[in-house]
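I opened my notebook to look up how two chains meet. Here is what I wrote down.

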Amino acid sequence: MSWVTNAIKSSIGRKFLVACTGLLLCGFLVAHLIGNLLMYIGPEVYNNYAHTLHSQEYLIKIAEVGLLVLFIAHLWLAIEASGRNRAARQTRYAVKKSKLPNRKIPFAITPENYMLVSGIIVLIFLCIHLGDFTFNLTMPEKIEGLEPYDKAIVIMRSPISAIAYVIGSLLLMWHLWHGATSMFQTLGLRHPKYDGLTQNFGPVFATIIGLGFATFPIYAWLVPYNPPAPNPDAPEAHGEPDSHSMNTIPAWQPASDRNELPG
Amino acid sequence: MKLTLHIWRQPNTEADGEFKTYELPDVSEHMSFLEMLDVLNEKLISEGQEPVAFDHDCREGICGTCSLMINGQAHGPDRETTACQLHMRRFKDGDEIWIEPWRAKAFPVIKDLVVNRSAFDRIMQAGGYVSVNTGNAPDANSTIVPKQNADLAFDAATCIGCGACVAACKNASAMLFLSAKVSQLALLPQGQPERKSRAINMLKQMDEEGFGNCTNTNECEAACPAGISVENIARLNRQYVSAVLTSRD
C-alpha cells in the first residue's frame with residue numbers, strides 16, 4: 001500500500017483529500033441547514049425532527065464519528081500543506097503586487113489568502129457550538145429538560161452566543177467562498193462549458209449557507225418568546241424520546257396552557 | 001527620465017543580501033528594462049564597482065531566461081510580457097523601482113538577481129519527455145490529432161520555463177509550470193504511453209525540490225508571460241489522480 005501513502009504525501013494527493021473532505025463537510029452543512037430551517041415551520045415540526053434524528057442511535061454515532069474524522073482529516077491535511085507552503089518561500093519580497101486584473105492590493109484580504117485562519121476560527125466556533133448544544137456546557141441550568149426548539153432559542157438569546165453565532169456563520173461563509181469553488185479545480189473538474197457555474201458556485205453556496213445559519217440567532221432575538229420554566233423531569237433535549245415526553249405539553253406552548261396541565 | 005533603483009545585491013548563495021540604491025539620471029524611454037540595467041552596469045564598472053548580475057539571453061521574449069521581480073510583479077507590470085520586452089516608457093520621471101530576484105526555496109540566489117532554476121530541469125528529467133524516438137516527420141494525417149487538442153497542447157507548450165509562476169505564487173508553487181509540461185504531452189498521442197509515470201514522477205520531483213502547493217489563487221496565470229492557463233492545473237490534477245489509481249507501478 002505504499003502507493004497510497006505516497007499519494008497522500010504528495011502535494012496533489014493531499015490537496016485532493018482536502019477537497020474531498022471539504023465536499024463531504026459541505027454535504028453535512030446542507031443537511032444541517034435544512035434541518036435547522038424546520039424551526040421556521042414551527043416548534044413542533046422542529047422538535048419532531050430533532051427527536052426522530054436522535055432516536056437513530058447507531059446512525060447518529062456513525063455520523064458523529066464520520067464527521068469527526070472528516071474534520072480532523074480536513075484540518076490536519078490543510079495545516080500540513082500550509083506548513084509546506086510557508087517553507088517554500090523563506091525570504092519574503094520587499095514589494096509584492098498582484099497582476100490579477102481586479103486586484104491591485106498585494107495578498108488582499110480575500111478568502112483564498114486566509115483559508116487556514118478562517119478554518120481555524122470556524123473550528124473554534126464549532127467547539128463553542130458543540131459545547132452549547134451537544135455537551136450542554138454553556139448554560140446547563142437554563143436548558144435542562146427543554147425541548148430542542150426551546151433549547152435553541154434560549155441559547156441563542158444569550159447576547160454573547162448570538163454574536164458568536166453570527167460571526168461564526170459569516171466566517172464559515174468567508175471560508176466557503178473560496179473553498180467551494182476551489183474544490184472543483186483541485187478535483188480536476190474543469191471545463192470551459194462549466195467554468196461559469198463552478199466559479200459562481202462557491203460565492204452562491206457560501207452566501208446561502210453562511211447567511212442561512214446567521215438568520216437563526218437573529219430569529220431567536222426577533223421572535224416573541226416566553227422562556228419556559230425548566231422541567232427537570234423531562235428527558236434530555238438530545239435524548240431518545242419516550243412515551244413520557246410525548247405526553248407532556250411542549251414547553252414552547254404559552255405559560256397559561258402549561259398551567260392548565262392536569263396534575 | 002531620472003530613476004531611483006533599489007536593487008537586491010547578494011554576493012553569493014550563502015551570503016546575506018540587501019537592497020542598494022542607485023540613481024540613474026538619464027534613462028531613455030526607448031530602452032528596454034534590461035538595457036536600462038546595462039547602462040547602470042556600465043556606470044558601475046566605470047566607477048570601479050561590481051556590476052549587477054542579472055539573467056538574460058535572447059532579449060526577444062522567447063527564451064525565458066530573464067527573471068526579475070519588478071516593483072513586486074514578476075517581469076514587471078505588463079501582462080504576458082517578459083522583463084526583456086518591458087520598456088522604460090512604462091515608467092515615468094522620478095519613479096522608484098524595486099528590483100528583486102525570484103524568491104523561492106527551490107530557486108536559491110546565485111548572485112544578485114540571478115537564481116538557480118535547475119530544479120525545473122530536474123522536474124523535466126523526471127518525465128517531461130517522450131522516450132521513443134519518433135523518427136522522421138510522418139505523412140500528414142497518419143496520426144489523427146483533433147484540432148482542439150493540438151491547439152491546447154501548443155498553448156501548454158508555449159511555457160518558456162522562466163519561473164514567473166513560482167515567483168508570483170504566494171506558496172512558491174511550480175504547479176503551472178508542471179501542469180504545462182504534463183499537458184503538452186498528455187493531449188497528444190505521442191505522450192500517451194508514459195502518461196501515468198510522467199505525472200507521478202514529475203510531481204514527486206516537484207515536491208522534493210521544495211516547491212509549495214497550489215491554493216488556486218490564479219496569481220501564476222496572471223504573471224505568466226506565455227499566458228499559460230490554470231486549466232492545465234486541473235488537467236494535471238486529473239492526470240495525477242487517475243495515474244495513482246490505475247498505474248500498475
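I began with the angle: α2(A) and α8(B) are roughly perpendicular to each other, because angles of 65 to 115 degrees count as that. The two helices pack at about 95°, and their axes lie 10 Å apart. Here axes are lines fitted to C-alpha atoms over the stretch in contact, and angles run from 0 to 180 degrees between N-to-C directions. α8(B) covers residues 231–246.

Next I listed who touches whom. α2(A) brings A:I12, A:G13 and A:F16, while α8(B) brings B:N237, B:Y240, B:V241 and B:V244. In contact means that C-beta atoms, placed from the backbone, lie within 7 Å. I sorted these residues into five nonpolar, two polar and no charged. Ala, Val, Leu, Ile, Met, Phe, Trp, Tyr, Cys and Pro count as nonpolar, Asp, Glu, Lys and Arg as charged, and the others, Gly among them, as polar.

The model is predicted: local features need pLDDT of at least 70, side-chain atom pairs count only at pLDDT 80 or more, and totals for chains, interfaces and linings use all residues. Residues are numbered from 1 along each chain as its sequence is written, with chains lettered from A and ligands numbered from 1 in the order in which they are written.

Then I looked at the whole contact. Chain A gives 35 residues and chain B gives 38. On the side of chain A, α1 (2–9), α2 (11–37), α4 (57–88) and α8 (159–186) each give two or more residues. That side has 15 nonpolar, 12 polar and eight charged residues.

Last, I checked chain A itself. I found 11 helices and zero strands; helices are DSSP runs of H or I with at least four residues, strands are E runs of at least two, and both are numbered from the N terminus.

Technical notes:
Contact = placed C-beta atoms within 7 Å. Parallel < 35°, antiparallel > 145°, perpendicular 65-115°, else oblique.
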